[in-house]
Amino acid sequence: MSFIRNALVTVAAAASVFALATPAQAATGWDRCNPGYICLFDYDNGQGPMAWFQIGSPDLRQQDFDNRTQSVWNRTSSRFCLYVNYNYANDQGAGTSFSGIQYNTNEVNSYSSLKKC
Ligand SMILES: [Ca+2]
């Protein structure tokens with residue numbers, strides 16, 4: 001009996017710690033990007049709609065994210081290149097996204113494909 005009571009107290013304590021550590025509201029901004037993914041955001045500073053990838057995309061129209069990327073967080077262990085044209089074509093210079101780095105693109109949001117590079 002005492003064991004069960006102690007177990008219940010422990011569960012209750014663990015639950016309250018969890019509640020304190022986890023705000024009720026949904027994640028916003030950068031925090032929505034999970035480890036292992038590169039995340040593209042529609043607005044600066046991780047705001048707005050987000051698209052997320054593990055290996056990339058030859059055509060961001062497929063993810064409804066063509067010419068929209070204004071900020072990036074690369075949470076993969078790989079470097080990615082972002083291209084202004086479809087199928088990794090690039091006549092205006094590629095954007096490079098290094099592992100772990102979070103940044104605003106600070107340019108025309110023109111990316112149309114991305115892949116590890
Ligand atoms: Ca483009």
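Residues are numbered from 1 along each chain, in the order in which its sequence is written. Because the model is predicted, local features need pLDDT of at least 70 and side-chain atom pairs count only at pLDDT 80 or more, while totals for chains, interfaces and linings use all residues.

The protein chain has one helix and eight strands. Helices (H or I, at least four residues) and strands (E, at least two) are DSSP runs, numbered from the N terminus. Along the sequence, the elements follow the pattern α-β-β-β-β-β-β-β-β. Of the 117 residues of the protein chain, 21% count as buried. A residue is buried if 20 or more other C-beta atoms lie within 10 Å of its own, exposed if 12 or fewer, and partly exposed in between, with C-beta atoms placed from the backbone. Among the contacts in the protein chain with a separation of 6 or more, 66% are between residues 24 or more positions apart. Two residues are in contact if their C-beta atoms, placed from the backbone, lie within 7 Å.

Two strands pair if DSSP finds at least two bridges between them. Strand β1 (residues 38-41) pairs with strand β4 (residues 71-74) in the antiparallel sense over four bridges. C39 stands opposite W73 in β4.

Y103 counts as partly exposed because it has 15 C-beta neighbours inside 10 Å. Leaving aside neighbours within four places in sequence, Y103 is in contact with S71 and V72. Y103 and S71 are 32 residues apart in sequence, and their C-alpha atoms are 5.6 Å apart in space. I101 is found in the loop between β6 and β7. With 12 other C-beta atoms within 10 Å, I101 is exposed. I101 and V72 are 29 residues apart in sequence and 8.0 Å apart in space, C-alpha to C-alpha.

A further open sheet has four strands in the order β3-β8-β5-β6, and its pairing is antiparallel. Here β3 and β6 stand at the edges, each with a single partner strand, so one side of each is left without a neighbour in the sheet. Strand β3 (residues 56-57) is joined by two bridges to strand β8 (residues 113-116), and the two run antiparallel. In this pair G56 stands opposite K115 in β8. β5 and β8 pair in the antiparallel sense over four bridges. Y83 stands opposite S113 in β8, and L82 stands opposite L114 in β8. β5 also pairs with strand β6 (residues 95-97), in the antiparallel sense and over three bridges. In β6, S97 is the bridge partner of F80, and T96 stands opposite C81.

In soluble globular proteins, nonpolar side chains tend to be buried together. A nonpolar core is a set of buried Ala, Val, Leu, Ile, Met, Phe, Trp, Tyr and Cys residues joined through C-beta atoms within 7 Å. The largest nonpolar core of the model has 14 residues, and those with the most contacts inside it are C39, L40, L82, Y111 and L114. β1, β4 and β5 (80-83) each supply at least two residues of this core. Its largest share, four residues, comes from β1. Leaving aside neighbours within four places in sequence, L40 is in contact with M50, A51, F65, T69 and V72.
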